[in-house]
Amino acid sequence: MTATATIDDVVCRRPATSTDFDLETVVKSLLEPVFALPGGSVLERLADIAQVEQMISDAVNEQPDDLYVTATESSGMENAIRPSGDPVQAAARDRIPVGVPITVDSQDIFLFDKDEGGLFGSDDDVLGSVTISEDDRGMGPLSKLAHSEEEHSFYYVNYHVD
(Lines give C-alpha, C1' and ligand atoms only; values in the text may rest on other atoms or scores of the structure.)
Protein backbone atom coordinates (compact mmCIF):
# COMPACT_ATOMS: atom_id res chain seq x y z
CA MET A 1 0.00 0.00 0.00
CA THR A 2 1.23 3.51 -0.76
CA ALA A 3 0.20 6.94 0.37
CA THR A 4 0.64 10.50 -0.89
CA ALA A 5 2.90 12.74 1.16
CA THR A 6 2.97 16.47 0.59
CA ILE A 7 6.09 18.32 1.62
CA ASP A 8 4.53 21.59 2.72
CA ASP A 9 7.65 23.61 3.42
CA VAL A 10 11.21 23.56 4.69
CA VAL A 11 12.35 25.84 7.52
CA CYS A 12 16.02 26.75 7.82
CA ARG A 13 17.15 26.86 11.44
CA ARG A 14 20.84 27.10 10.56
CA PRO A 15 22.41 27.13 7.11
CA ALA A 16 25.58 25.20 6.44
CA THR A 17 28.86 26.71 7.47
CA SER A 18 30.69 28.23 4.55
CA THR A 19 33.84 26.38 5.41
CA ASP A 20 34.97 22.78 5.71
CA PHE A 21 37.84 23.40 8.11
CA ASP A 22 38.27 23.57 11.90
CA LEU A 23 37.78 27.27 12.62
CA GLU A 24 39.25 27.23 16.14
CA THR A 25 42.51 25.67 14.94
CA VAL A 26 42.85 28.18 12.10
CA VAL A 27 42.21 31.18 14.37
CA LYS A 28 44.70 29.97 16.97
CA SER A 29 47.34 29.30 14.32
CA LEU A 30 46.83 32.79 12.85
CA LEU A 31 47.11 34.48 16.24
CA GLU A 32 49.89 32.26 17.62
CA PRO A 33 52.75 34.45 16.29
CA VAL A 34 51.21 37.49 18.00
CA PHE A 35 50.87 35.65 21.30
CA ALA A 36 54.52 34.48 21.04
CA LEU A 37 55.72 38.11 21.14
CA PRO A 38 56.81 39.58 24.48
CA GLY A 39 53.63 40.39 26.36
CA GLY A 40 51.69 38.01 24.14
CA SER A 41 50.01 36.25 27.05
CA VAL A 42 48.61 39.61 28.12
CA LEU A 43 47.35 40.19 24.56
CA GLU A 44 45.73 36.75 24.57
CA ARG A 45 43.86 37.54 27.77
CA LEU A 46 42.86 40.97 26.48
CA ALA A 47 41.72 39.66 23.11
CA ASP A 48 39.73 36.83 24.71
CA ILE A 49 40.32 34.20 22.01
CA ALA A 50 36.79 32.80 22.47
CA GLN A 51 35.25 36.15 21.46
CA VAL A 52 37.51 36.40 18.40
CA GLU A 53 36.59 32.85 17.38
CA GLN A 54 32.87 33.61 17.82
CA MET A 55 33.11 36.80 15.74
CA ILE A 56 34.82 34.91 12.91
CA SER A 57 32.38 32.01 13.22
CA ASP A 58 29.40 34.39 13.05
CA ALA A 59 30.83 36.05 9.95
CA VAL A 60 31.50 32.70 8.25
CA ASN A 61 27.99 31.42 8.96
CA GLU A 62 26.10 34.34 7.43
CA GLN A 63 25.97 32.94 3.89
CA PRO A 64 22.59 31.42 2.97
CA ASP A 65 22.42 27.97 1.40
CA ASP A 66 21.42 27.49 -2.24
CA LEU A 67 18.79 24.91 -1.33
CA TYR A 68 17.14 22.25 -3.42
CA VAL A 69 15.20 19.11 -2.43
CA THR A 70 15.49 15.64 -3.96
CA ALA A 71 13.84 12.26 -3.43
CA THR A 72 17.12 10.54 -4.26
CA GLU A 73 20.56 10.53 -2.66
CA SER A 74 22.00 11.78 -5.94
CA SER A 75 22.84 15.46 -6.02
CA GLY A 76 22.23 17.79 -8.95
CA MET A 77 19.44 20.11 -10.00
CA GLU A 78 18.33 17.50 -12.55
CA ASN A 79 17.24 15.38 -9.54
CA ALA A 80 15.44 18.21 -7.74
CA ILE A 81 11.77 17.79 -6.92
CA ARG A 82 11.76 21.41 -5.79
CA PRO A 83 12.50 24.00 -7.01
CA SER A 84 12.47 23.56 -10.74
CA GLY A 85 15.18 25.73 -12.21
CA ASP A 86 17.57 27.50 -9.86
CA PRO A 87 18.01 26.62 -6.17
CA VAL A 88 16.36 28.80 -3.51
CA GLN A 89 18.40 30.85 -1.06
CA ALA A 90 17.80 29.70 2.52
CA ALA A 91 19.08 31.69 5.49
CA ALA A 92 18.35 31.14 9.18
CA ARG A 93 14.62 31.43 9.97
CA ASP A 94 13.59 31.32 6.30
CA ARG A 95 10.48 29.27 5.47
CA ILE A 96 10.68 27.88 1.94
CA PRO A 97 7.35 26.71 0.48
CA VAL A 98 7.64 23.37 -1.31
CA GLY A 99 4.10 22.04 -1.89
CA VAL A 100 5.26 18.89 -3.67
CA PRO A 101 3.18 15.69 -3.43
CA ILE A 102 5.05 12.38 -3.69
CA THR A 103 3.93 8.77 -3.51
CA VAL A 104 5.43 7.02 -0.49
CA ASP A 105 5.57 3.76 1.29
CA SER A 106 8.88 4.82 2.81
CA GLN A 107 10.73 7.66 1.09
CA ASP A 108 13.94 9.49 1.97
CA ILE A 109 13.98 13.22 1.21
CA PHE A 110 17.36 14.95 0.86
CA LEU A 111 18.24 18.62 1.19
CA PHE A 112 21.23 19.86 -0.81
CA ASP A 113 23.27 23.06 -1.00
CA LYS A 114 24.28 23.78 -4.60
CA ASP A 115 27.96 24.58 -4.89
CA GLU A 116 29.56 26.33 -7.82
CA GLY A 117 32.33 23.79 -8.38
CA GLY A 118 35.21 25.31 -10.30
CA LEU A 119 38.83 25.48 -9.17
CA PHE A 120 38.16 25.69 -5.41
CA GLY A 121 34.53 24.59 -5.36
CA SER A 122 33.21 21.24 -4.30
CA ASP A 123 30.32 18.94 -5.07
CA ASP A 124 26.89 19.90 -3.78
CA ASP A 125 26.65 19.37 -0.02
CA VAL A 126 24.02 17.22 1.72
CA LEU A 127 22.35 19.42 4.35
CA GLY A 128 20.40 16.55 5.87
CA SER A 129 17.65 14.06 5.12
CA VAL A 130 14.41 12.74 6.57
CA THR A 131 12.34 9.63 5.96
CA ILE A 132 8.63 9.98 5.26
CA SER A 133 6.54 6.85 5.71
CA GLU A 134 3.02 5.83 4.79
CA ASP A 135 2.68 5.03 8.51
CA ASP A 136 2.42 8.82 9.00
CA ARG A 137 -0.91 8.84 7.13
CA GLY A 138 -3.69 10.70 8.90
CA MET A 139 -1.43 12.09 11.63
CA GLY A 140 -1.91 15.69 10.47
CA PRO A 141 0.94 18.15 9.99
CA LEU A 142 4.29 16.60 10.89
CA SER A 143 7.80 17.98 11.14
CA LYS A 144 11.14 16.20 11.05
CA LEU A 145 14.62 17.58 11.57
CA ALA A 146 17.16 17.23 8.76
CA HIS A 147 20.68 17.77 10.09
CA SER A 148 24.22 17.44 8.79
CA GLU A 149 27.10 16.96 11.24
CA GLU A 150 29.59 17.81 8.51
CA GLU A 151 27.84 20.98 7.31
CA HIS A 152 26.48 21.99 10.75
CA SER A 153 23.08 22.67 9.17
CA PHE A 154 19.61 22.26 10.67
CA TYR A 155 16.36 22.27 8.69
CA TYR A 156 12.80 21.25 9.55
CA VAL A 157 10.87 19.44 6.82
CA ASN A 158 7.14 20.00 7.34
CA TYR A 159 4.77 17.57 5.63
CA HIS A 160 1.55 15.60 5.87
CA VAL A 161 0.55 12.18 4.53
CA ASP A 162 -2.90 11.40 3.11
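A residue is taken as buried when its relative accessible area is under 20%, as exposed when that area is over 50%, and as partly exposed in between. The structure examined here is a predicted model, and under this definition Arg137, at 35% relative accessibility, counts as partly exposed. The side chain of Arg137 meets that of Glu134 in a salt bridge, with a distance of 3.6 Å from N to O. Side chains of opposite charge can pair when their charged atoms come close.

In total, the count of salt bridges in the model comes to three. One of them joins Asp9 and Arg95, whose closest N and O atoms are 3.0 Å apart. This pair links distant parts of the chain, since Asp9 belongs to strand β1 (residues 3–14) and Arg95 to strand β5 (residues 95–104), and the two residues are 86 residues apart.

Attention then turns to strand pairing. Strand β8 (residues 142–148) pairs with strand β9 (residues 153–161) in the antiparallel sense, and the pairing extends over seven bridges. Within this arrangement, His147 stands opposite Phe154 in β9. The hairpin of β8 and β9 has four residues between the strands, and in this hairpin His152 takes a positive phi near 60 degrees.

The nonpolar interior was considered last. In soluble globular proteins, nonpolar side chains tend to be buried together. The largest nonpolar core of the model holds 25 residues, of which Leu67, Leu111, Ile132 and Tyr155 touch the most other members. Two or more residues are given to this core by each of β1, β2 (65–70), β5, β6 (106–113), β7 (125–133), β8 and β9. The surroundings of Ile132 can be described in detail: when residues up to four places away in sequence are not counted, Ile132 touches Ala5, Ile7, Val104, Asp105, Ser106, Gln107, Ile109, Lys144, Tyr159 and Val161.

Conventions. Residues are numbered from 1 along each chain as its sequence is written. This is a predicted model: local features need pLDDT of at least 70, side-chain atom pairs count only at pLDDT 80 or more; totals for chains, interfaces and linings use all residues. Side-chain values use heavy atoms; hydrogens and water are left out. A salt bridge is a side-chain nitrogen of Lys or Arg within 4 Å of a carboxyl oxygen of Asp or Glu. Buried means under 20% relative accessible area, exposed over 50%, partly exposed in between (1.4 Å probe, protein chains only). Two strands pair if DSSP finds at least two bridges between them. A nonpolar core is a set of buried Ala, Val, Leu, Ile, Met, Phe, Trp, Tyr and Cys residues joined through side-chain atoms within 4.5 Å. Contact means heavy atoms within 4.5 Å.
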